[in-house]
Amino acid sequence: MVFLLIFLIAILMILTIRIKIELKNFKFNSQNKKHLEKNYEIKITLFTFQKIPILKTKINSKKIEKIMSNEKIRNIIEKQGTKIIEDKGKIDKEIFKWIKKMNIELEEMNLKILIGTEDASITAFIIPIISTALAIFLSKKIKKCNDKQVFHINPVYINQNLINIEFSGIFQIKMIHIINMICLLNKRKRVDKNERTSNRGSYDYGYE
């Protein structure tokens with residue numbers, strides 16, 4: 001009985017985990033040799049039962065450089081990146097639909113985007129389209145929106161292709177959503193594997 005109670009509490013703890021991510025000083029400049037500036041910081045906090053913190057960690061450019069200096073880890077990341085590129089055609093509409101339905105609670109956001117192209121008329125045309133699309137996304141896909149969510153998208157008329165992004169924000173996501181995504185991906189892998197096995201069997205019989 002005690003074991004069952006402990007098991008149920010553990011399950012509840014996992015199912016109620018929320019991941020809070022604070023992103024500070026994220027700056028991307030397409031014209032710089034190193035597009036991403038190094039003074040960014042990512043703070044990740046895990047809460048269970050909605051409010052009880054169980055894990056905190058901070059990530060910055062120094063920690064990432066230290067991790068990437070490990071040859072084994074770097075090779076694993078490179079292999080996974082190559083695999084994702086090779087298998088990108090297998091990611092179907094079902095997964096994209098699920099991602100769109102994911103509820104993200106955005107507590108704070110400060111987003112500034114500067115966009116420029118080689119053609120001033122194209123720049124003037126795409127700015128309102130991007131602004132409208134982002135506004136619709138924030139209003140429909142973000143669960144919590146308030147006055148702390150601010151975004152500015154402005155044109156830059158310099159006859160050059162340019163994208164500058166500055167972002168700071170705090171958002172949360174439920175662990176159950178991530179678990180659902182993992183289950184969906186595993187299910188898709190099993191289906192693909194069974195289809196390949198079935199196809200090989202069909203070809204074998206074809207040569208008899």
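**Surface patch and strand pairing**

Visitor: Which element gives the largest share of the nonpolar patch?

Guide: This is a predicted model. The nonpolar surface patch covers about 700 Å² and includes Leu5, Ile9, Phe49 and Ile54. Two elements give two or more residues to the patch: helix H1 (2-15) and strand E3 (52-60). The largest share, 4 residues, comes from H1.

Visitor: Is methionine 13 buried, partly exposed or exposed?

Guide: Methionine 13 lies in helix H1. Buried means under 20% relative accessible area, and exposed means over 50%. Methionine 13 has 32% relative accessibility, so methionine 13 counts as partly exposed.

Visitor: Which residue in E7 is the bridge partner of lysine 20?

Guide: Strand E1 (residues 18-29) pairs with strand E2 (residues 41-48) in the antiparallel sense, over 7 bridges. There, lysine 20 stands opposite threonine 45 in E2. E1 also pairs with strand E7 (residues 162-174), antiparallel, over 10 bridges. In E7, the bridge partner of lysine 20 is glutamine 172.

Visitor: What percentage of the contacts with a separation of 6 or more joins residues 24 or more positions apart?

Guide: The protein chain has 6 helices and 7 strands. From the N terminus, they run α-β-β-β-α-α-α-β-α-β-β-β-α. Among contacts with a separation of 6 or more, the share from residues 24 or more positions apart is 73%.

Visitor: What share of the residues is buried?

Guide: The accessible surface of the protein chain is about 15600 Å², and carbon and sulfur atoms hold 62% of that surface. A residue counts as buried under 20% relative accessible area. Of the 208 residues in the protein chain, the buried share is 23%.

Methods
Residues are numbered from 1 along each chain as its sequence is written. This is a predicted model: local features need pLDDT of at least 70, side-chain atom pairs count only at pLDDT 80 or more; totals for chains, interfaces and linings use all residues. Side-chain values use heavy atoms; hydrogens and water are left out. Patches are made of residues with over 30% relative accessible area and no salt bridge: like charges are joined within 9 Å, nonpolar side chains (Val, Leu, Ile, Met, Phe, Trp, Tyr) within 5 Å. Accessible areas come from the Shrake-Rupley method with a 1.4 Å probe; for residues, only the protein chains shown count as cover. A salt bridge is a side-chain nitrogen of Lys or Arg within 4 Å of a carboxyl oxygen of Asp or Glu. Buried means under 20% relative accessible area, exposed over 50%, partly exposed in between (1.4 Å probe, protein chains only). Two strands pair if DSSP finds at least two bridges between them. Contact means heavy atoms within 4.5 Å.
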